[in-house]
Amino acid sequence: MVDFDTQVYSERLKQDLTLFNRWQILIATLGDVDETADLLEVVEKILAFDIHESTMLRIANDYWFPSTHWVTVAFARLAETASLSNTETVLPRGQKSAELHFDEWPNAAFKFVPAPLASGGFYLEETAQELRVLYWDIVHKRFYLDTQQFAKLVQTEAVQLAGVQALAIFQKRLIAIAEQLASEQFSIDLPGLAAQHQRDLVMVERELPSVVLDSLFVTAAKQQFVLKRAQGQQIGVEIAVGEIAIRLTQVFNDSGHQQWVYAIVDDNQQVTIFTLLQQLPLFYQWYIAHIDQVGLKDKREVFVE
């Protein structure tokens, strides 16, 4: 047994109160800052403030929220700045981490979860299907789209009900958030999101077996879409969808190697590969069936299954 020393206990409580004071200042600052740089600095300090290594375990506190909650709050601040469409931060009953509700997708909710990586970071997921949207690493300054799971997300019921315009708004929102983070030297990778950059969308595999392209011909023919082979010396195919065209061509990359790429040809620059995946079941079915080959190349190393 150990003798209880009231004075020692009193000193430890004093340490706890000092820590709580520091914590209160951080949370108050998070609610007040307007500049992206200041917001990110505060969130970094919050993430570094580890309850498990502090002496606060002596004080029961029902209002202690995990790091995912504060990452959500910070992302909501960025999302509000980035879009004319509202963002709500909602704390579900009985839970300790908030959800995000974006006005453009009224039937969907999103949450941040810790990424199972030694380097840290968080995944933004749609809660119903647990499909990832992106990876956000505040400490190491990384912001990457999960192209594989985002492609699956656009065909879910919640997104389909919201419609293609809602998807376009959400994509613009993510791009605007990325622009804020890029100004703070974040590494950004959001392939396929920007309607103004739909050429040279790189596929995962450099070489496509003929059976993959043949299956696209068959799928298109069943839906009465015309798939044409590229003319001249260019290797590739094209599907015309009204005034829009989807081109799959083989090009030479910067290293001189052959590489298959997509180009979404839209004179109005309103359509993206993801809005087409949402609207064209035939394209989506073929894309998902061969996603390990024809999916968009992304920062796959951070998306641990």
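1. A residue is called buried here when its relative accessible area is under 20%. By that cut-off, Trp 23 and Trp 70 are both buried. Keep in mind throughout that this is a predicted model.

2. Since Trp 23 belongs to helix 1 (residues 6-32) and Trp 70 to helix 3, the pair ties together parts that lie 47 residues apart in sequence.

3. Compare that with Phe 283 and Tyr 287, whose ring centres are 6.1 Å apart with planes at 65 degrees, so they too count as edge-to-face. These two sit four residues apart in helix 9 (residues 281-289), so about one helical turn separates them. Phe 283 has a relative accessible area of 1%, which makes it buried, and Tyr 287 is buried as well, at 0%.

4. There is also an aromatic cluster to click through: ring pairs connect Phe 102, Trp 105, Phe 110, Phe 150, Phe 170 and Phe 274. Phe 150 shows up again in the next point.

5. The largest nonpolar core has 83 residues, and the members touching the most others are Phe 75, Trp 136, Phe 150 and Tyr 262. Helix 3 (residues 67-82) is the biggest contributor, giving eight residues to this core. Another core, of seven residues, lies apart from it; Val 113, Tyr 135, Tyr 144 and Val 302 are among its members.

6. What does Trp 136 touch, once neighbours within four places in sequence are left aside? Its contacts include Val 71, Ala 74, Phe 75 and Leu 78. Also among them are Leu 40, Phe 112, Gly 121, Phe 122, Leu 181 and Phe 186, together with Arg 142 and Phe 143.

7. On to the sheet, which is open and has five strands in the order 8-12-11-10-9, paired antiparallel. Strand 8 (201-202) and strand 9 (227-229) are the edges; each has a single partner strand, so one side of each has no neighbour in the sheet. Helix 7 (residues 210-222) packs on this sheet and touches strands 9, 10, 11 and 12 (258-265), with its direction at about 145 degrees to that of strand 9.

8. Within the sheet, strand 10 (residues 236-241) and strand 11 (residues 244-252) run antiparallel and are joined by six bridges. The loop between strand 10 and strand 11 holds Glu 243, which is exposed at 76% relative accessibility. Its C-alpha is 9.8 Å from that of Asn 268, a residue 25 places away in sequence.

9. Two charged side chains sit over aromatic rings. Lys 96 lies over the face of Phe 65, 5.0 Å from the ring centre. Arg 132 has its charged end over the ring of Tyr 123, at 4.8 Å from the centre.

Definitions and conventions
Residues numbered from 1 in each chain as written. Predicted model: local features only at pLDDT ≥ 70, side-chain atom pairs only at ≥ 80, totals over all residues. Heavy atoms only, no water. Pairing = 2+ DSSP bridges. Contact = heavy atoms within 4.5 Å. Axes fitted to C-alpha atoms, helices over the stretch in contact; angles between N-to-C directions. Core = buried A, V, L, I, M, F, W, Y, C linked by side-chain atoms within 4.5 Å. Buried < 20%, exposed > 50% of the residue type's maximum accessible area, 1.4 Å probe, protein only. Phe/Tyr/Trp six-rings, centres within 6.5 Å; stacked < 30°, edge-to-face > 60°. Lys NZ or Arg CZ within 6 Å of the ring centre and 35° of its normal.
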